[in-house]
Every structure is written in structure tokens, then in C-alpha cells.
Amino acid sequence: MQQGPDRGHEEHAEAPALLQAAHDASQAPCTPGNGTTASDDVLKPVADRRSYRFMRVGGPNGSRFLLVSDPDAVFAAVCTNMQAGYFDDPPDVPGFAHWLEHAVHLGSGRYPDDKDYKYFLAQHGGTSNASTGMVHTSYHCTVAAEALPGALDRLGRFFVDPLLGREAILREAENVHAEFSRNCNSDARKLLQLRRSAAGGLLGKFSTGNIATLRDRPAAAGADVPAALAAFWRRRYLAGALAGAVVAPQPLEQLAEWVAAAFGEVRLRPGDGGGGAGGGAQEAAPATAARRAAPPRRR
């Protein structure tokens, strides 16, 4: 479920339905143009008055987005889905991908304030949440329609230049632990973990993580987990693994322009190429992208 911007993240097993539509639409025919490809040939019910467009950002191997123009919408909604989940956790660090879900919120090269994303949404009537599933991690938000460009730009930095600072990451382990503690009081969560454990294999992994699995045990073993987390981000948070959906009252052309601007710098896999803005800086570390004028840190 969605939460207000002042509350923590929770895990969910499924991504929002629009993401499936974005994946399905990826088979639609496309026409090249300026580093993006796009098609308005998206199947929809006859009675549906909304307009749809599928687009790739960064060339034929770039990020996939389904845009939905709904003139009756009051708020805008965005969901992004990255193909990396708790099945990818190292066996000795349960909760690794979930920890990264939290960590990318903690400031970026463009917006270094670790509260900027949630503060911006709160100032514009928005909410946000995120979830780590088996093979995907989703980030989604709602916001007043006129504030959509700012929300997209801030969300896009999760995949472009998150700071991933060591001290901030280690502090965030405490928030993950707080989420774990809340789950311990839920019978539904206990039954879910029991079913997973009984199944064994990848499904039986402990997906949430806590202080012991994320910080204390790795530190005792001499592991540099924050550095490993940043390396995991570089390896897995790539344009070809990113899909998303945007619903808003603005015209499709305007939505396409905003999405291309917000996600055009997401790095491509080595060798993917395609002429998009994300084709460069394949080995760029978090927050090494060119910094623009950033707002002062909020206290």
C-alpha cells in the first residue's frame, strides 16, 4: 500500500498493474527519433478515452515507459520498475536489494539533501512508496499534476547519480531494521516467511534484512557492504532493466519530453549503444554525473 512521504518503505510482492502494461507494450512497433523510440499503437478498450504511448528512452535498448494522458486526472502518478530484487541478494547479506531500495532515496548529485524527494512530494500534495520483490524493485509516487516535472526529475536521479554515501547507508540500516521489527508483529508477514522458508531455494531467502544481516555480521567478517551496495547499483541499475508508467492530465508530447529529460542519463549496458544520452559513462560511480545547481541542504 502507498504511504505518506514521512513514512518508511515496505516490501510488496507485486509491482503495480501499469508496469505489466509497460512490459507488454515493449513489443509495439517503434519509430526512431532523437535518442528515443515511440509508438502510439497501444491496444486499449474501445470505451477508454485516455491516450497512450509506449516509448524507449536512450535508444532501442534503453528504458521502457508507458505514458498515459488522462485529461480527467487531478493528480499525476508515476511508477518505475527496476529488474533487481531479493533473489539477487548475496547469500551472506540477506536484505541487500531491499537496503539499496532505501539507500537510493538518500540524496543525489543534483539533489544532495537526503530528504529532498519526500519533501518535494509533501509540498505538492504527493505520496511515495517503494517495494522490493523477488526479481524487481519498484518506486512509485503521486503528486499534483503541475509538479510532475520536478517529481520525475528527482525520481530519475535514483537511477542516474544517487550519492550512496557510506555513513548514510549505514544509518539507513536502522530504518530497515525498524521495518523488520514492525513486520515481526504481523501474523501475515510471519506466515509469508514461513511459506517462503518451506519452499526453500531462492524463494526462502530473508528478503527484508535487519541490523544483524546488513551491518553487524558483515562488519564482523570484515566486509565492506556499503561499497558492495554501490557496486551492485552500478552493475544492475541500468537502462535496459528499467520500465515505468506515467499517468497525468498533460498531453503525450509533454509527458514524453519530461520522461526523456528525467531518465535520459540512465546508463546503458556495455555494448548496448543506441545513441541515447545514457550511452556514455558506463562505469560512472554514483553521484559522479555532472552536478547542476542544487538546492541548499534542508535542516
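Helices (H or I, at least four residues) and strands (E, at least two) are DSSP runs, numbered from the N terminus. By that assignment, helix α7 is followed by G222, whose phi is positive, near 80°. The structure is a predicted model, in which local features need pLDDT of at least 70 and side-chain atom pairs count only at pLDDT 80 or more, while totals for chains, interfaces and linings use all residues. Residues are numbered from 1 along each chain as its sequence is written, and side-chain values use heavy atoms, with hydrogens and water left out.

**Helix α7**

- Helix α7 spans residues 211–220, and within it I211, T213, L214 and P218 are buried, where buried means under 20% relative accessible area, exposed means over 50%, and partly exposed lies in between (1.4 Å probe, protein chains only).
- The buried residues of α7 pack against α2 (96–103), α5 (166–183) and α8 (225–236), contact being defined as heavy atoms within 4.5 Å.
- The N-terminal end of α7 is capped by N210, which places a side-chain oxygen 3.0 Å from the backbone nitrogen of A212; a polar contact is a pair of N or O atoms within 3.5 Å, and within protein one must be able to donate a hydrogen and the other to accept it, with residues adjacent in sequence counting only if both atoms are side-chain atoms.

**Strand β7 and its partners**

- Strand β7 (residues 137–144) is mostly covered, since 8 of its 8 residues are buried.
- Strand β5 (residues 75–82) pairs with β7 in the antiparallel sense over 8 bridges, pairing being assigned if DSSP finds at least two bridges between two strands; A76 has V143 in β7 as its bridge partner.
- Strand β6 (residues 127–132) also runs antiparallel to β7, joined to it by 6 bridges, and A130 has Y139 in β7 as its bridge partner.
- β6 and β7 form a hairpin, with 4 residues between them.

**Nonpolar cores**

- The largest nonpolar core has 55 residues, and those with the most contacts inside it are L67, L148, L152, F159, Y237, V259 and F263; such a core is a set of buried Ala, Val, Leu, Ile, Met, Phe, Trp, Tyr and Cys residues joined through side-chain atoms within 4.5 Å.
- Helix α9 (residues 252–263) gives the most to this core, with 7 residues.
- Not counting residues up to four places away in sequence, Y237 touches several residues, including M82, L100, Y139, F159 and V266.

**Salt bridges**

- The structure holds 14 salt bridges, each being a side-chain nitrogen of Lys or Arg within 4 Å of a carboxyl oxygen of Asp or Glu.
- R110, D153, R157, D161 and E265 are linked in a network of salt bridges.
- R157 has a relative accessible area of 1% and is buried, whereas E265, at 26% relative accessibility, counts as partly exposed.

**Cysteines**

- A search of the whole structure finds 0 disulfides, a disulfide being a pair of cysteine sulfur atoms within 2.5 Å.
- C79 is in no disulfide, and the nearest cysteine sulfur, that of C141, is 8.9 Å away.
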